Amino acid sequence: MSAPSVVVLDYGSGNLRSAVRAVERAGASVELTSDLDTAMAADGLLVPGVGAFAACMKGLRAIRGERIIARRLAGGRPVMGICVGMQILFETGIEHGVETEGCGEWPGVVERIQAPIVPHMGWNTVDVPAGTSLFAGVEKERFYFVHSYGVRDWTLVTNDRTVAPLVTWAEHGGDRFVAAVENGPLSATQFHPEKSGDAGAAVLRNWVQSLKVA
Ligand SMILES: NC(=O)CC[C@H](N)C(=O)O
């Protein structure tokens with residue numbers, strides 16, 4: 001079976017090369033591009049990101065990235081967001097007093113972590129829900145975080161006809177925030193799997209291996 005194809009979306013954010021290398025090591029054939037048709041056709045789309053929420057959303061909109069994400073998800077085509085690439089999937093981001101509209105794939109606000117020491121920078125464990133596939137085999141491992149903001153409250157309303165997302169939580173300085181989400185074709189991690197050693201590599205491998213099944 002050929003390697004799954006993954007587009008790493010190039011919307012001007014940083015951390016692109018390490019994301020490309022990490023997904024290649026996870027077994028995918030990777031292209032770094034902002035081309036809409038290429039991004040739509042790939043088995044998986046990875047949305048990395050470092051920097052401020054507003055700047056990332058500006059860069060994403062400049063290449064119609066929010067439309068690429070929405071159209072892929074409408075067709076059940078897998079997307080994974082990492083760090084700011086996860087944060088921009090939510091409804092709103094508030095950084096340095098600036099409120100910015102996100103992609104709105106999930107309700108919720110990205111806001112400053114309420115902890116004595118911010119940024120949350122370093123290795124941490126996560127609280128993984130039953131039924132996870134993203135964390136299969138590494139549920140008890142540590143992952144590398146570098147962020148000052150996060151989603152501290154998960155308020156998605158579901159009913160008996162919808163499959164609730166699997167939400168993984170983490171805690172820093174007494175504050176809890178969403179560390180990962182598995183929601184059908186949409187996956188996301190607040191931590192950097194590409195900076196999280198063998199455990200992070202396993203998360204990316206789990207995601208890449210799910211693409212051919214999708
Ligand atoms: N690693 C980053 O780029 C941090 C992303 C975001 N600005 C945050 O602080 O949460």
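A polar contact is taken here as a pair of N or O atoms within 3.5 Å, where, within protein, one atom must be able to donate a hydrogen and the other to accept it, and residues adjacent in sequence count only if both atoms are side-chain atoms. The model is predicted, and local features need pLDDT of at least 70 while side-chain atom pairs count only at pLDDT 80 or more, whereas totals for chains, interfaces and linings use all residues. Residues are numbered from 1 along each chain as its sequence is written, and side-chain values use heavy atoms, with hydrogens and water left out.

Arg 72, located in helix α4 (residues 65-74), is buried yet has no salt bridge, Asp 43 being the nearest side chain of opposite charge at 7.0 Å. Buried denotes under 20% relative accessible area (1.4 Å probe, protein chains only), and a salt bridge requires a side-chain nitrogen of Lys or Arg within 4 Å of a carboxyl oxygen of Asp or Glu. A polar atom of the Arg 72 side chain lies 3.2 Å from the backbone oxygen of Met 40, and the side chain of Arg 72 also reaches the backbone oxygen of Pro 78 at 2.8 Å.

A nitrogen atom of the ligand is 2.7 Å from a backbone N or O atom of Val 146, and an oxygen atom of the ligand lies 3.0 Å from a side-chain N or O atom of Gln 87.

Technical notes
Helices (H or I, at least four residues) and strands (E, at least two) are DSSP runs, numbered from the N terminus. Buried means under 20% relative accessible area, exposed over 50%, partly exposed in between (1.4 Å probe, protein chains only). Lys and Arg count as positive and Asp and Glu as negative; His and the chain ends are not counted.
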